Amino acid sequence: MGAHPPTSPTVPTAGEPGSGTANRSPDGLQAGLKNRHLSMIAIGGVIGAGLFVGSGAGIKAAGPGILLSYALTGLLVVLVMRMLGEMAAASPTSGSFSAYADRALGRWAGFTIGWLYWFFWSVVLAVEATAAASILTGWIPAVPQWAWALLVMIVLTGTNLVSVGSFGEFEFWFAGIKVVAIVIFIVVGALAIFGLPPGHHAVGTANLLDHGGFLPQGPGAILSGMLLVVFSFMGSEIVTLAASESPNPVTAVRKAVNSVIWRIALFYIGSIAVIVTLLPWDDPAVAKSPYVAVLKSLNIPYADIVMDVVVLTAVLSCLNSGLYTASRMAFSLGERGDAPKAFATVNKGGVPAVAIWASVAFGFVATIFSYTSKDTIFQFLLNSSGAVALFVWLVICVSQLRMRRIIERETPERLTVRMWLYPWLTYATIALIVFVVGYMFYDKDGREQMVLSVVAAVVVLVAGLVLQKRRPREVPAAAAEAPENA
């Protein structure tokens, strides 16, 4: 426990003196992600399928007040990303917050949050594969749904195995489609709000205020809404993992962190504002599929098909990035001796093939459960991984409190991104996350999810403490080769 070499900020980054080769990161991963890949991963990473599908439940729960839920959750993400960006810019690594927790809090922390994060994304693979299969079966019923799920998993596993560049290229186009779709939706919706299309009149604030008021379910619904939307923001942190496989990770992290505010404001708050302004929040069509409901109200032809294409793209993007993220976290855990050593090996293309296969294998098993035991085993997997986002954010905050002091003491020149109002804003963010966690225990809908997630976290934590006593610390080659006074 305590500070040790593997995650020290003194490890050279790809392309810097001491890194060995210009096209490999210090840990052997291929630095094959281009600037445009990282830019689109950063922009599209916050746009998940949950925004298109799950936002209806949030609107139903909080009415127009869901805007405040998104704003508060968005603020939380901005602050957490700022803290993560501070650490990632100082020491880019495929382990990201798990590696920083390892160094700042101890091996038990890095082990626990790393495996929980891997578990979360491995379950997401099953969720997204099933969702994609459902859409594709609707288009081509002759092919069984399980076959579509299998095909989707195989194709995206293949892209991840070929090279990190192929992952980046797929994600670039997936994310690009999502971004274009959201921007067009917001522009068309804004025109309709002001009554600019022929045959339409300005809607004003009627739908925001005339159906029970702005908070028709009461102020408490803001927190209930937060519980429904908080998990749709998971994925913002992916760019800090991916940055380690780019030629200039520090610049990539800095750009991603600086742009997170406008990304959340535009894509989430902007698009939801269009929905609740154009349509009554209590319209059944809004709860079912808010984006389709808006397009149909504007007489956009083939609205269902258009949104199916966009949602399918978002699902494939989430599956693609989820497999990438899970495998890189497994790779980092393997490097630190907290997972099988084989996880830390890379093939000739600089890809952690064993970590990818391990992640997709769990995803395949979870996908099978989604068909054979949907209401039992699969539901348990979903609930026990449901609160991982909050755990990750909490660990990032606590790690940043200690990492700031470590970086200032050892490599102050690498502190190129700084958390605002440190440490007071960090403490305030921790307090807000703890409050949301506490509210989940209080909320009847969130209680089961939080209890099972805590149980899963305790099991992983105990396993980490036991293994820590039995196994020595593994030192990654990159750390061992790093100059003592870089």
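Q: Which residue forms a salt bridge with E245?
A: This is a predicted model, where local features need pLDDT of at least 70, side-chain atom pairs count only at pLDDT 80 or more, and totals for chains, interfaces and linings use all residues. Residues are numbered from 1 along each chain as its sequence is written, and side-chain values use heavy atoms, with hydrogens and water left out. A salt bridge puts a side-chain nitrogen of Lys or Arg within 4 Å of a carboxyl oxygen of Asp or Glu. For E245, the closest N and O atoms are 2.8 Å apart, and the partner is R328.

Q: How many residues apart in sequence are the parts that E245 and R328 tie together?
A: E245 sits in the loop between α11 (238–242) and α12. R328 belongs to helix α15 (residues 303–335). Helices are DSSP runs (H or I, at least four residues), as are strands (E, at least two), numbered from the N terminus. The pair therefore joins parts separated by 83 residues.

Q: Are E245 and R328 buried or exposed?
A: Relative accessible area decides this: under 20% is buried, over 50% exposed, and in between partly exposed (1.4 Å probe, protein chains only). By that rule, E245 and R328 are both buried.

Q: Which helices does the salt bridge of E410 with R103 connect?
A: The closest N and O atoms of E410 and R103 are 2.7 Å apart. The two residues lie in parts 307 residues apart in sequence. E410 is in residues 388–410 and R103 in residues 96–105, so the helices are α18 and α5.

Q: What is the relative accessible area of R103?
A: E410 counts as partly exposed, at 34% relative accessibility. R103 is buried, and its value is 3%.

Q: Which residue meets R409 in a salt bridge?
A: R409 is exposed, with a relative accessible area of 57%. Its side chain pairs at 3.8 Å, N to O, with that of E410.

Q: How many salt bridges does the structure hold?
A: Side chains of opposite charge can pair when their charged atoms come close. One network of salt bridges links E86, R404 and E408. The structure's total is 9.

Q: How is α4 oriented to α12, roughly parallel or roughly antiparallel?
A: Axes are lines fitted to C-alpha atoms, for helices over the stretch in contact, and angles run from 0 to 180 degrees between N-to-C directions. Helix α4 (residues 66–90) packs on α12 at about 175 degrees, with the axes 9 Å apart. Under 35 degrees counts as roughly parallel, over 145 as roughly antiparallel, 65 to 115 as roughly perpendicular and the rest as oblique. That makes the pair roughly antiparallel.

Q: How many nonpolar residues are in the contact of α4 with α12?
A: Contact means heavy atoms within 4.5 Å. Among the residues that meet are I66, L67 and Y70 in α4 and V250, V253 and V257 in α12. Ala, Val, Leu, Ile, Met, Phe, Trp, Tyr, Cys and Pro count as nonpolar, Asp, Glu, Lys and Arg as charged, and the others, Gly among them, as polar. The contact has 3 polar residues, 1 charged and, for nonpolar, 20.

Q: At what angle do the axes of α19 and α20 cross?
A: Helix α19 covers residues 424–442 and helix α20 residues 444–470. The two are roughly perpendicular to each other. Their axes come within 5 Å and cross at roughly 115 degrees.
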